[in-house]
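Take a look at the model below.

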Amino acid sequence: MTTSVLPAPRRPERATADASATAWALAARGGDPDAAEHFVRALHGDVLRYVAFLSGDPQAADDLAQDTFVRALDSLPRFEGRSSARTWLLSIARRAVADSFRRAAVRPRLADAHDWQSAMERAQPCGLPGFDDGVALLDLLETLSDERREAFLLTQVVGLPYDEAAGFIGCPVGTVRSRVARARAALDRLLLQAETQAAEAA
């Protein structure tokens, strides 16, 4: 039987974690190196998940996350805490991913596509716990429209509250709720189909 790879609902302590991360970002802006380290550690996992899902390339996630934090630390003097540090950082991450797509579009391909794909498949760490679920979720998310995928990622994977995700995306809260509900329904339907096909194959 196929297990669900949908993320767990957002934890209630998220608001406290957001407040702490924002406080560390503001302290780091003032020149506190320990606060900068706490800021990075507090949000590194969220950024890593977000860029991996947004880019569709888990292999590039570490580089994209590092690029995001380099940009963020360079921009800290301009961070005023009007939004949470998490929201601010995710907007930087989204730009980092978009820039990586632009660079990839103009970069000449140095290897044959088939050989490149085979090499990437051989490099995948398939034995790691949760790897197969992560790949399954990436595949499922690729079937969603861009708008639904982003709303789902921000609220269900990264854990932003709906109102904060709405501000981040630039649309009403009701639109975010609708997109997430439709994304979850589509993903549930695809999971059920996969379970049915696996049962029939067995």
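A helix here is a DSSP run of H or I with at least four residues, numbered from the N terminus. The model is predicted, so local features need pLDDT of at least 70, side-chain atom pairs count only at pLDDT 80 or more, and totals for chains, interfaces and linings use all residues. Residues are numbered from 1 along each chain as its sequence is written, and side-chain values use heavy atoms, leaving out hydrogens and water.

Stay with helix 8. Glu164, Ala165, Ala166 and Phe168 are buried there (under 20% relative accessible area, with a 1.4 Å probe and protein chains only).

Now turn to the core. A nonpolar core is a set of buried Ala, Val, Leu, Ile, Met, Phe, Trp, Tyr and Cys residues joined through side-chain atoms within 4.5 Å. The largest one has 47 residues. Phe39, Tyr50 and Val51 touch the most other members. Helix 2 gives the most to this core, with 10 residues.

Not counting residues up to four places away in sequence, Val51 touches Gly56, Ala61, Leu64, Ala65, Thr68, Ala93 and Val97 (contact means heavy atoms within 4.5 Å).

Helix 2 spans residues 33-55 and helix 3 spans residues 61-75.

Conventions: Axes are lines fitted to C-alpha atoms, for helices over the stretch in contact, and angles run from 0 to 180 degrees between N-to-C directions. Helices (H or I, at least four residues) and strands (E, at least two) are DSSP runs, numbered from the N terminus. Buried means under 20% relative accessible area, exposed over 50%, partly exposed in between (1.4 Å probe, protein chains only).
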